[in-house]
Amino acid sequence: MERDESAATESSSLFEDWIRLVEQAHGPWLLAAKKEPGPIALRARWHYLRGLGDERALSGAHEISVEQWDDEIYTETAGDLALVQCDIPSAKKHYMRLLSMASHPVGKVQAMIGLADAARQDDDTAGARTQYEAAIQFSVSIGFQFGAMRARLPLAYLERRGKSAQLMLNIAGECEQSARTLGDRIYIANALVAQGEALDLLGRPKDATSVLSEALALFQKLKSPVGMAAAGVRLADVHRRQEDAEAILDIVPRILNATGDDCPLQESIDLWDVLSFAHLHQENYDVALAASTQGIQLANGRYPRAVAHLKMSEGAALLKLRRTGEAAQAFLAALNYFHERPDDQWMKPYCLGRLAQCAEDQGKTDQAVKLRLLAIEEMEHVRASQIRPDWQQEYRIRFDDVYGGALLTMIRSNDATSFAAVFESLWGRRLVGVKAGVALDFDADPVALAHALARQDQTSRSHRSAEHHPQDKHSPVLVDAGGALHQRYADATAQAISEAYRPVGVEEALSLLEAVNAQAVLLLVCEVPGSQTDVAWLARLPGKPAIVGLTTLSTCAADVLDVWSTVWPREETAASVEALGELIPECLRGLPVKTRVQIVPLGRLWAIPWAALPVRDGYLGTTHSILISPSLSLARQSSKRLPEALNPDAAVECSIGPDVKVHDLRGLGSVAGIARDADSAGKALEALLAGKSGTVVVVAHGRPTAALGHYLELGVDTLLTPTEMFTATPPESIALLACWGARTLETSTGDPLTLGTIALARGAKQVLTTVSELGDSVIACAVVNETLYRAKTDAWPGALRSTLAHRQPDLRQAALIDWAALTTLGAW
């Protein structure tokens, strides 16, 4: 009652100010209602008046009776209350009435937002989006900044469901800034809640916890039960993702006690769902089942989306209680719900994965495998539909559970073929599209933009070198070009690169193993998504069936991987990576010398010094001829065989870039004499892009940079970026002897879209390059020259192996950047 009296007083004061525009020629308008009101119906109108400043606008619409004013405020408030109670029909009825009776455009905006909120709660995302966008446009047209911000914030949640959590974070951040400019503390906190949820989805739990805790504290200060419940649910969800049951069981009762009977129905139901998880994690399975049942009963047909999620929780509890048939029915009910909703297709793989668990528990291995493959296929189609490469990778990370669960099922089932199908979906799928060609928008001039970014990066490095850190001129610092140029480049290339993504179909994936040369040893290896220490692998010896397995890395090996999967320490030797020998399955550690090995390492494993890993007779790179591929698709046997040696009758283009001190390419013979000529860089570039030479060998400085990934400095005024390589027709044999030739420090896209890998996808048969810095040293120069010399009678992998074997005694004390950085990309 006290609250009603306060709202009535606020309404009366604001009405007095509202009608002031009828007769008063200019502001200020807020004389009676100087303090921001609480109810949203009043606060919206207060912000509108505040935003007018001294300007008088729509004065005729302010001529309203107190009865009309009270009716509009009451109708809008009734609609808001109906939303809190999940009474969608009543909410729609009130907002439709407000829309028809509103005396002022602000009332219409509020009605449009209310109808959009009702549609979103009713899972009509298309209708909600249309209403929100219309409300934004209408708000802008009347100068109603608060209305535009208020309509835009819920769009962030819609973007998260159908698109990207990063986009949700961006929108929510902009809304927070708008709310701070307007001084609306409720919407500052609302925007923080949205940001917290996005950060959680992006795998940033510490940041999410900090932001949500700030929001919760602000809502508590403002005594907003609706806000406290919203922030509390999201905070509990962060704890759920971190599997912190104790934190959940601490915060949920506190939120329920603080909000009491004012806790919105939607949040009350969601809290039961989180509680179910906490009890499940603590192995209180009956209590977990009771919590999910309580939530389902509370929803009572008014919140069907929550019921679907609770069915997943119910199924998880039933599965633990060994009531597998009932669990499957619960998961199936959730699947049927999400199947009908276009913006919820990403939930289907979750449901299919849980059904696969049921099948495994029932001993139905074949069915479990089929369900996991179907889950991956569904997930990959959702991932491929994203319009930016970083959004596509976001889905890979967000859905670790789907991908990791599928890999583990294949290992438990000892199904190598299906393992390969899941493995192929994890990484490198854009390179398959690059093979066919990237449809860049050349009207936007992406190559010129790429070169402008590279020049900007060069300028930045020169300034740091001259003014601050002389040793940094050639250091592996990831320089972010940033700014408008960065955005223009992204606009010109992101969609085309994302469209290169090719989801692997089940039938295609199942045939991949057969397509890889059976006469070479094959090793597929990746970290299990979602795990810090588990590594999944497939190994196949010539003439033998493939086997799959799981290796749990020791703490030492895991620590070494953390170091060597980023920037390699410059002075460290092979002894530093000895622990990474755990990545090689036992069955591959005693292979005969000179065995041909095909390795497909994914993610962080792409970047490690494979050549320096210990095997029985020395190091992997000194003992065996190795070819590395970024995906199984690119490792499949080609119709055109790997060159046996450099063609003596074909032209060899070579070039040495500026600031390269020691490397001289003498292993090529007399042709090396022109490598530093003024026109050598241009000729090498032309040969790389147009395949006019049998072999191209360049040694140059490679520069990692955030916008492009990396680029090469072929000459003073000659650069090579991945952008022009997307449409290149490279020669068969390439040596990109430069830092970061086949790797970038930028991991947001999830694929190694590098000069070396793009060249491989575009038709090169063998690429001698690097996955780290390459030393400009006497030792590195000697290794390169001997490899080039031996390549006259052997292909790159054999030439490199022979060189490293010949120099093995000296390599033990040599820095890995001087020899193990070299690797050969291709397929046997």
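In strand β13, the residues Q766, L768 and T770 point one way while V767 and T769 point the other, and all are buried, buried being under 20% relative accessible area, exposed over 50% and partly exposed in between, with a 1.4 Å probe and protein chains only. The model is predicted, so local features need pLDDT of at least 70 and side-chain atom pairs count only at pLDDT 80 or more, whereas totals for chains, interfaces and linings use all residues. Residues are numbered from 1 along each chain as its sequence is written, and side-chain values use heavy atoms, leaving out hydrogens and water. This briefing covers strand pairing, aromatic pairs, charged contacts and nonpolar cores.

- Strand β13 spans residues 766–770 and is mostly covered, with five of its five residues buried; helices (H or I, at least four residues) and strands (E, at least two) are DSSP runs numbered from the N terminus.
- In a regular strand the side chains alternate between the two faces of the sheet.
- Strand β12 (residues 733–738) pairs with β13 in the parallel sense over three bridges, where pairing requires that DSSP finds at least two bridges between two strands.
- Strand β14 (residues 822–826) pairs with β13 in the antiparallel sense over five bridges, and here T769 stands opposite T823 of β14.

**Aromatic pairs**

- The whole structure contains 14 aromatic pairs; rings of Phe, Tyr and Trp (its six-membered ring) pair if their centres lie within 6.5 Å, and planes under 30 degrees apart count as stacked, over 60 as edge-to-face and the rest as tilted.
- One of these is the tilted pair of W18 and Y48, at 6.0 Å centre to centre and 50 degrees between the planes.
- Because W18 belongs to helix α1 (residues 2–18) and Y48 to helix α3 (residues 40–52), this pair ties together parts that are 30 residues apart in sequence.
- W18 and Y48 are both buried.
- The pair of Y619 and W819 is tilted because the ring centres are 5.6 Å apart and the planes stand at 40 degrees.
- Y619 lies in strand β6 (residues 618–619) and W819 in the loop between α36 (808–811) and β14, so that the pair links distant parts of the chain, 200 residues apart.
- Y619 is buried at a relative accessible area of 9%, and W819 is buried at 0%.
- Ring pairs also join F15, W18, Y48, W69, F144, F146 and Y187 into a cluster.

**Contacts of R398**

- The charged end of R398 sits over the ring of W346, 5.9 Å from its centre, the criterion being NZ of Lys or CZ of Arg within 6 Å of the ring centre and within 35 degrees of the ring normal.
- The charged end of R398 also sits over the ring of Y395, 4.9 Å from its centre.
- R398 forms a salt bridge with E394, with the closest N and O atoms 3.0 Å apart; a salt bridge is a side-chain nitrogen of Lys or Arg within 4 Å of a carboxyl oxygen of Asp or Glu.
- R398 and E394 are separated by about one helical turn because they are four residues apart in helix α20 (residues 389–398).
- R398 is buried at 10% relative accessible area, and E394 is buried at 6%.

**Other salt bridges**

- A search of the whole structure finds 45 salt bridges.
- E424 and R429 form one with their closest N and O atoms 2.6 Å apart, and both E424 and R429 are buried.
- E508 and R636 meet through their side chains in a salt bridge of 3.8 Å, N to O.
- Since E508 is in helix α26 (residues 506–510) and R636 in the loop between α30 (632–635) and β8 (652–656), this pair ties together parts that are 128 residues apart in sequence.
- E508 is partly exposed at 32% relative accessibility, and R636 is partly exposed at 28%.
- A network of salt bridges links R160, E197, R234, D237, R240 and D273.

**Nonpolar cores**

- The largest nonpolar core has 166 residues, and those with the most contacts inside it are F419, W610, L665, V697, L737, L816 and W819; a nonpolar core is a set of buried Ala, Val, Leu, Ile, Met, Phe, Trp, Tyr and Cys residues joined through side-chain atoms within 4.5 Å.
- Not counting residues up to four places away in sequence, F419 touches L407, M410, I411, A536, W537, L538 and V548, contact meaning heavy atoms within 4.5 Å.
- A second, separate core has 81 residues, including A41, I188, L218 and V238.
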